[in-house]
Amino acid sequence: MSKRFNTLETMRILLNHPQVMLDCIQNMDDRKERYIRESALIIGVRSYIAHLGQDDQRRLKTVFKTENLFQSQVVADIEKKGGDKLLLFQDEVLNIFRLCNASLQQDITDTKLRSRLDSLRSVSGRLEASSFLMSDPDFTELRDDLLEQLSSLLGLVRKNVSAMQNWTSKLVALSAQSSKSPEHFLSFRKDLFESVTLIYERHIKPTWTFVNPNLRLAEGLNLFAVLNECKQRFETYGFHDIADQIFRFSMSFTNVYKPVTVVSKEVERFLRKSRKGMLESNAMEHFYQQLRADYDQTLSHDLRKTRLERTLVKETDFALGLKQQARPKNYRFGHSIAYTDNLFTEIELRLGDMSKSLNWLPEAGESASESLAKQSLQRAEKLYQWMKEMELRPTQDLIAMLHYRLLDFLPNYQFSDLLTASIRLSHEFTGNDRSAMNLVNTNKHVRIEFEEQTYVYRRRRLETLQAAVQEKQ
């Protein structure tokens, strides 16, 4: 009788030499099968033990014999097909080795999550008609089934979240791989887009939907609503310890929601960039071929074809848009006497503003005992006093000049200060307080942007009285 190992010894040896089982799981995943062929297992074992000692070779040959794996309950069933044996391993054994290698963890599908949620809904419905008596075996079995399902589901979700978090590095590696082979870039980009889209739609997005506490489902209550119902039923009958366990499960699922959301957004952003890049690449290739065809015609023996056709320019809006862009204008200092006089006048006025200290202006929120309205009134009054002493010069845009002068010298400057100053100047010119200057309103609207705010106003021109009279004549 050949020597066999019991379950404990078999599992201990398998875990001491995990590479054989990891290769078997990888083989099953690649083939999308739930069994491993006996011939493939034998080949994998012989390849692994080739460099081991004789004692280890004999031990591993005995452990991986089909009879030993079946008797130790590592293999659940054996089928014969085409002259070969198909070994169906226990799910618990496969899950142990998948747990040891994150790359072998299977993504949760939409079907699995719906099945788990339907099962929890069924348990919640059966609890409604349960007796909640410890002497009732139906109730105790139902309670244990609920806690077992929640524990298994939480472990499954957490394992998949850890696998999902590796997707960022995978996307970077795939993008780098695509750049190494430019001749196969288009086909590689298409296959990559399709595979990532499939994983996002069938694995990542369903998991995000499953652990989203704010999402309503058309087919019934979501996960958190079901857990809340179960928790309330146990609390009603005084089983506070069970209710606390269900509440802790609910909090654990809530903590999973944030990392899944991060992964979902990263993959979704990659898909948007990939789709946009594919559209841009196709568009550029299309128009490049048109240009290439027009250019090839200029190389023919027909001397009438010496220039590119204008058909492409007329049919595409982006080419016309590029032609309509104005050339950038460089800034140059003027050489006229009027320009020099205005420059030095502006410098003198700015120096005059600096001589008038504005630090005494009250700031918003400076005193806690005074109301905001009272402080604003004091600020306006002090601003009026300063403007009485402010000297002005002729300008094509009085509001813009006033804005830049207040911006340099007024503490905590805001657009409300500019509005106050412009209204005050309008009253002064209306009351002839500044009789030497004339204020002219134009119909042209311009804007000023400051601290993510925009102020649109009608341009006002400030002229000397003599220039205004000459313009009317």
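Colleague: What makes Cys230 count as buried or exposed?

Modeller: Buried means under 20% relative accessible area, exposed over 50%, and partly exposed in between, using a 1.4 Å probe and protein chains only. Cys230 has 1% relative accessibility, so Cys230 counts as buried. Cys24 is at 6% relative accessibility and therefore counts as buried too. Before we go on, please keep in mind that this is a predicted model: local features need pLDDT of at least 70, side-chain atom pairs count only at pLDDT 80 or more, and totals for chains, interfaces and linings use all residues. Residues are numbered from 1 along each chain as its sequence is written, and side-chain values use heavy atoms, with hydrogens and water left out.

Colleague: How many disulfides are there, and how do you know?

Modeller: A disulfide is a covalent bond between the sulfur atoms of two cysteines. The rule asks for a pair of cysteine sulfur atoms within 2.5 Å, and by this rule the count comes to zero.

Colleague: How many helices and strands does the secondary structure come to?

Modeller: The protein chain has 19 helices and five strands. These are DSSP runs numbered from the N terminus: helices are H or I with at least four residues, and strands are E with at least two.

Colleague: Which strands make up the open sheet, and what makes some of them edges?

Modeller: Three strands form the open sheet, in the order β1-β3-β2 and with antiparallel pairing. β1 (36-37) and β2 (75-81) each have a single partner strand, so one side of each is left without a neighbour in the sheet, and they stand at the edges. Two strands pair if DSSP finds at least two bridges between them. β2 and β3 (residues 84-89) are joined by six bridges and run antiparallel, with Ile78 having Leu87 in β3 as its bridge partner.

Colleague: What does Thr66 touch?

Modeller: Leaving aside residues up to four places away in sequence, Thr66 touches Glu38, Ile78 and Leu87, where contact means heavy atoms within 4.5 Å. Thr66 is found in helix α5 (residues 66-71), and its relative accessible area is 7%, so Thr66 is buried.

Colleague: What about the pairing of β4 and β5?

Modeller: Strand β4 (residues 437-450) and strand β5 (residues 453-464) run antiparallel, joined by 11 bridges. Leu439 stands opposite Leu462 in β5. Their hairpin has two residues between the strands, and Glu451 there takes a positive phi near 55°.

Colleague: Why is the pair of Asp91 and Arg34 called a salt bridge?

Modeller: A salt bridge is a side-chain nitrogen of Lys or Arg within 4 Å of a carboxyl oxygen of Asp or Glu. For Asp91 and Arg34 the closest N and O atoms are 3.1 Å apart, and the pair forms a salt bridge. This pair links distant parts of the chain: Asp91 is in helix α6 (residues 91-100) and Arg34 in the loop between α2 (19-31) and β1, 57 residues apart. With a relative accessible area of 41%, Asp91 is partly exposed, while Arg34, at 55%, is exposed. By this rule the count comes to 14 salt bridges.

Colleague: Which salt bridge does Arg58 form, and where do the partners lie?

Modeller: Arg58 forms one with Asp55, the closest N and O atoms being 2.4 Å apart. Both lie in helix α4 (residues 54-63), three residues apart, about one turn of the helix.

Colleague: What makes Leu299 exposed or buried?

Modeller: Leu299 has 56% relative accessibility, so Leu299 counts as exposed. Leu299 lies in the loop between α12 (240-298) and α13 (311-315). Together with Leu291, Tyr295 and Leu308, Leu299 forms a nonpolar surface patch with about 390 Å² of accessible area. Patches are made of residues with over 30% relative accessible area and no salt bridge: like charges are joined within 9 Å, and nonpolar side chains (Val, Leu, Ile, Met, Phe, Trp, Tyr) within 5 Å.

Conventions:
Accessible areas come from the Shrake-Rupley method with a 1.4 Å probe; for residues, only the protein chains shown count as cover.
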